[in-house]
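My notes follow in the order I made them.

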Amino acid sequence: MIELWELMGFIRYPLTVSSVVIVALVLYSTVRLFEGDARALPMTRTWMDSILFWGGFSLVTGILGTLVGIVMAAQSIEQAGTVSPTLVWGGIKVALYSSVFGLLVLALASLAWFVLHLRWSLLSSRDAGERMA
């Protein structure tokens, strides 16, 4: 696992930062929503929505890392001249790690957002029902 982490190159740092931010936002939103404080719901919704932003940022960062990796591999191939196809595909495989990681972070962030948004919707409708009664 650490080898994969090191193979991602410099792009692993922004991916790590966005992952940590997402975890912090999910934990904060979970605490706010499951303690049932209806007064904090509008601000909590803002924090929840930022989970999707950071998930998208991870995906874009991962794709950027892949593109940079492919360009670097192409430069190395150009300098070397003739290179075996196995070596080329091995380099492309390594370049794709950052995209896969970014996509995984987005998928998990989207799932967390969906669960939190469902809870937020339930609390909002309950709060609106109490105000009408």
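Entry one, the second largest pocket. I asked which element gives the most to its lining, and found that H4 does, with four residues. I note that this is a predicted model. The elements that give two or more residues to this lining are H4 and helix H1, which spans residues 2-7. I listed the lining residues as Met-1, Leu-4, Trp-5, Met-8, Tyr-97, Val-100, Phe-101 and Leu-104. By class I counted eight nonpolar residues there, with no polar and no charged ones. The space in this pocket comes to about 210 Å³.

At least two lining residues come from H3, and at least two from helix H4 (85-132). I sorted this lining by class and got 14 nonpolar, six polar and no charged residues.

At what angle do the axes of H2 and H3 cross? I found roughly 160 degrees, with the axes coming within 9 Å. H2 covers residues 12-34 and H3 covers residues 41-80. The crossing angle makes H2 roughly antiparallel to H3, because angles over 145 degrees count as roughly antiparallel. I also noted the hand of the crossing, which is left-handed.

I then went through the residues that meet. On the H2 side they include Pro-14, Leu-15, Val-21, Ile-22, Leu-25, Tyr-28 and Arg-32. On the H3 side I wrote down several, among them Leu-41, Trp-47, Met-48, Ile-51, Trp-54, Phe-57 and Gly-62. The residues of this contact divide into 14 nonpolar, eight polar and one charged.

Which residues does Trp-113 contact, leaving aside its neighbours within four places in sequence? I found Met-48, Asp-49, Ile-51 and Leu-52. Of these, Met-48 and Ile-51 are also on my list for H3 in its contact with H2. I checked Ser-29 as well: its C-alpha atom is separated from that of Trp-113 by 9.4 Å, and the two residues are 84 residues apart along the chain. Ser-29 is one of the H2 residues that meet H3.

Key:
Residues are numbered from 1 along each chain as its sequence is written. This is a predicted model: local features need pLDDT of at least 70, side-chain atom pairs count only at pLDDT 80 or more; totals for chains, interfaces and linings use all residues. Side-chain values use heavy atoms; hydrogens and water are left out. Axes are lines fitted to C-alpha atoms, for helices over the stretch in contact, and angles run from 0 to 180 degrees between N-to-C directions. Angles under 35 degrees count as roughly parallel, over 145 as roughly antiparallel, 65 to 115 as roughly perpendicular and the rest as oblique. A crossing is left-handed if the near helix is turned anticlockwise from the far one by less than a right angle, and right-handed if clockwise. Contact means heavy atoms within 4.5 Å. Ala, Val, Leu, Ile, Met, Phe, Trp, Tyr, Cys and Pro count as nonpolar, Asp, Glu, Lys and Arg as charged, and the others, Gly among them, as polar. On a 1 Å grid over the protein atoms alone, a cavity is a set of points where a 1.4 Å probe fits but cannot get out, and a pocket is an open set with protein on both sides within 12 Å along at least five of seven lines; lining residues have an atom within 4 Å of a point. Grid points are joined across faces, edges and corners, and a volume is the space filled by probe spheres set on the points.
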